[in-house]
Amino acid sequence: TAYNMPFMCDAGDITAEDLLSICHVLIERHEAFRTTFKIVDEEIVQEIHSDISFNIERYVLDSGALPDTLFAAFVRPFDLSMAPLLRVALVNGDKNYIFIDLHHIIADGASIEIITNEIDALKNGVALPLLNLQYRDYSEWALSHKAEIKDQESYWISRFDDEIPVLSLS
């Protein structure tokens, strides 16, 4: 779970059915949510699935209870060979929460803001713009520009070959 990226947000009055529909839109929208990883000939291989099975988990909090203990139990290891590398729960209680857990292999810190913004937009009936690029597009670009990237890396390594200058902020 060291590579899990769990977070929770306010669910408002969303129903389980609406949250499940939103999750299906996000899974269809982002290839990363349909991605698995396996080892083939001692190499890690990414596979993007066209369709995966997905359900949300449901929990009820006792009156006055805080979600912290439930949230800690919600975070579990992922099997990287099984899609999705995303877990979502709707928690109903005095206040309603959405728990989301992602594996870091498919998301980073910036992803959390994107996901919460997209959930909010979909909750409010706002259509999301089409995505022109997926992460796969960036990784293919990086592979095709390997020499250029290596040159840039070498430049910066050589730039700081000597002692790094002290920055005076006064």
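Predicted model: local features only at pLDDT ≥ 70, side-chain atom pairs only at ≥ 80, totals over all residues.
The cysteines were examined for bonding. A search of the whole structure finds 0 disulfides. C9 illustrates the reason. Its closest cysteine sulfur is that of C23, at 9.9 Å, which is too far for a bond. A disulfide requires two cysteine sulfur atoms within 2.5 Å, so the separation of 9.9 Å between C9 and C23 rules one out.

C9 has a relative accessible area of 18% and is buried. The cut-off for a buried residue is under 20%, so C9 falls within that class. C23 is buried as well, with a relative accessible area of 4%.

Attention next turned to the pockets. The largest pocket has a volume of about 560 Å³. Its lining comprises 23 residues. Nearest the centre of this pocket lie A32, I106, A107, S111 and Y135.

Several elements contribute to the lining. Those giving two or more residues are the strands β2 (35-40) and β3 (43-48), together with the helices α3 (109-123) and α4 (135-144). Of these, α3 supplies the largest share, with 4 residues.

Methods
Residues numbered from 1 in each chain as written. Heavy atoms only, no water. Buried < 20%, exposed > 50% of the residue type's maximum accessible area, 1.4 Å probe, protein only. 1 Å grid on protein atoms, 1.4 Å probe; cavity = no way out; pocket = protein on both sides within 12 Å on 5 of 7 lines; lining within 4 Å. Points joined across faces, edges and corners; volume = space filled by probe spheres on them.
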